[in-house]
Amino acid sequence: MSPSPFSKLPVPKPDPLFAIAAEAEAAGAAAINGTLGIFMDEDGKPLVFPSVIETLSFLERHLQTFNYSYPPLTGLPKYRDAVTKLICQDDREVVASIASTGGTGALAINLRLMKMLLGEGNNDVLLPSPAWGNHPPVCKWAGFNVVETPYIQGGKASVDGVIETVKKHEKPFGILLQVGCHNPTGLDFDREQWADLLDALQKKECVVLLDFAYQGFKGEPETDTEPIRMCRERNLTTLVTWSASKNHSIYGLRTGLAAAFVKDMTEKKTVEGTYSSISRGLHSAAPTFGQAIVALVQDRSQDTWREDLANARAVMKRKRQLMLEHLPASFRNSLSGYGMFAMLPLTVDQVNRLKHDYKVFLLLDGRINIGGIPEAKIKDLCDKIAAVL
Ligand SMILES: Cc1ncc(COP(=O)(O)O)c(C=O)c1O
């Protein structure tokens, strides 16, 4: 019998994040799990925002009449309207958009669009590193060559190296930037740094892709859109990928949006048609249940939602503060950021010892999901970290 074609496949490497998350899960309730980017409650369970629970109670009464047919390829119009309003409050802007399967699906769609915009032979996408672990694979999947350019200098966010790389780049290129609450570092560019970088980009032929996975986790949702506004002010070709996973606590419902700022209604029609073809070839339309939830939260429970985000921000701030109080000064820079993540200055050996000796699970590069650790366990976590230093 001839060998099975499947036997020719290379042995796949497990995704490092999901592999360590599974180990943490298997270690039981006593473990401290700082792996997957999920915002947890004090019992270590994924926290569902009260605004979403309120919306689910409403939806529950309408489940039998929910529209289960195929949606338009671009997704539910009310959802797209609600999210584009969150992204660019100014309704004079013309925005093309399509619903996607989470922020990752939005990245896939926008990267494919970016490839088409840059044209044949322009295959480079610049990526400040350390990058979110899934950025390089999705960029490669879309046909890009990833040019990583370090952005942390002396433990702080710096644009100098990125600007150098931008200046040196001759051919048209794409650049993928995180809007805020950087994953994995938590360290974002400040206003001045954004301005310097965007000014440098303005002198180049490039497409800027802004990954906006944490709207409302740093400041008010509108304040968090500042880098998007700054790109628009400079007339940069700007694409945005947005995720509802964290800021509506619906991770598994895989809800996101890909958007592009366009010149006029003709361009909007063209881009939405292009988005539709990309999505059709990928998976047809994105799932609708999460879209319905987001549209309803924004329509009926917005005040509660804003309180939910304010609470999440306050919790993350308190946890960072507690860690700063209980860890040595050498951890200060790494904890000075925003959002769920920080990259602790730990060696691979120290991370492994935390896992084996203390059932503390972090990524090998020291990334911790602060939002995943109950506040009541933070001191214990710090004591355990101190024990491996
Ligand atoms: C920076 C960044 N972009 C995109 C995503 C993807 O979000 P989603 O889970 O909605 O696909 C994440 C999720 O962790 C992220 O951290």
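Reply: Let's start with the words for exposure: a residue is buried under 20% relative accessible area, exposed over 50%, and partly exposed in between, using a 1.4 Å probe and protein chains only. This is a predicted model, in which local features need pLDDT of at least 70 and side-chain atom pairs count only at pLDDT 80 or more, while totals for chains, interfaces and linings use all residues. Residues are numbered from 1 along each chain as its sequence is written, and side-chain values use heavy atoms, with hydrogens and water left out.

The structure holds 14 salt bridges, each a side-chain nitrogen of Lys or Arg within 4 Å of a carboxyl oxygen of Asp or Glu. One of them joins Lys379 to Asp383, at 3.0 Å from N to O. Both residues sit in helix α13 (residues 378-388), and because they are 4 residues apart, about one helical turn separates them. (Helices are DSSP runs of H or I with at least four residues, strands are runs of E with at least two, and numbering starts at the N terminus.) Lys379 counts as partly exposed because its relative accessibility is 45%, and Asp383 is partly exposed as well, at 40%.

Next along our tour, Lys263 and Glu267 meet in a salt bridge of 3.3 Å, N to O. Here Lys263 is exposed, with a relative accessible area of 62%, whereas Glu267, at 29%, is partly exposed.

Glu220 forms a salt bridge with Arg306, and their closest N and O atoms are 3.8 Å apart. Glu220 belongs to the loop between β8 and α8, while Arg306 lies in helix α11 (residues 302-326), 86 residues away in the chain. Glu220 is partly exposed at 36% relative accessibility, and Arg306 is partly exposed at 22%.

The buried residues of α8 are Pro227, Ile228, Met230, Cys231 and Arg232. Their cover includes α3 (77-87), α7, β8 (206-212), β9 (237-243) and β10 (256-262), with contact meaning heavy atoms within 4.5 Å. After α8 comes Asn235, whose phi is positive, near 55 degrees.
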